[in-house]
Amino acid sequence: MVNYIWVLMTIIGLVVAAINGRMKEVNEAIFNSANEAVTLCIGLISILVFWLGIMRIAQDSGLLEKLSNLFRPIVSRLFPEVPAGHPAMGYILSNMMANMFGLGNAATPLGIKAMEQLKELNGGKTAASRSMITFLAINTSSLTIIPTTVIAIRMNYHSASPTEIVGPTLIATMCSTIGAILIDRYFHYRRTRNGVK
């Protein structure tokens, strides 16, 4: 569906530009944006590689496991259907740790693995389980302590203080995560009260 929306927006934009005689500006914008996108991606690689390396060191040193153990009691309360030793819990915790450090690219494969494990726990059903819905809500709201990618973008564009985004990001993502959990719990309570599984 999203692909159709993007195609429709592109076609409408090109038609409007052709009608208004502004195709030259559109062509310039396309090539400038493409050039800027490549420059930005190359600039981000160094920062992301650094943080992924830090995450790997944290994983190898056992720090990530200690952080996961710290959050395990909270996460196990959010996912009561997931058995304590199940691989899904490990993937969920790893995904949350990666998101906390603003490493969305590293968090994505962990999130996919967590969903696969949760689907397996759900008996392979096509309908999402309570745990799958909760994980999706938390993953989307994604509490972030260090917004690595945003800091990298700000550094790439020569921000005077690229890390000043840390405080507002922490507050905003904390509010979004708490909101996501409360909404998830409200709808779960409403469904169970109405006898819907």
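How many residues of domain 1 are in contact with domain 2? Five residues of domain 1 are in contact with five residues of domain 2, contact being heavy atoms within 4.5 Å.

This is a predicted model, in which local features need pLDDT of at least 70 and side-chain atom pairs count only at pLDDT 80 or more, while totals for chains, interfaces and linings use all residues. Residues are numbered from 1 along each chain as its sequence is written, and side-chain values use heavy atoms, with hydrogens and water left out.

Select residues 1–44 for domain 1 and 62–194 for domain 2, bounds that come from an automatic or database domain assignment; their centres, taken over C-alpha atoms, are separated by 33 Å.

Stay with the two domains, which bury about 400 Å² between them, 66% of it on carbon and sulfur atoms; buried area is the accessible area (1.4 Å probe) that two parts lose on being put together, summed over both. On the side of domain 1 that touches domain 2 there are two nonpolar, two polar and one charged residues. Across this interface the rule finds zero salt bridges, a salt bridge being a side-chain nitrogen of Lys or Arg within 4 Å of a carboxyl oxygen of Asp or Glu.

The whole structure, however, has three salt bridges. For one of them, select Glu-81 and Arg-130, whose side chains meet at 3.1 Å, N to O. Glu-81 lies in the loop between helix H3 (63–78) and helix H4 (87–100), and Arg-130 in helix H6 (residues 130–141), 49 residues apart.

Methods:
Nonpolar A, V, L, I, M, F, W, Y, C, P; charged D, E, K, R; others polar. Helix = DSSP H or I, 4+ residues; strand = E, 2+ residues; numbered from the N terminus.
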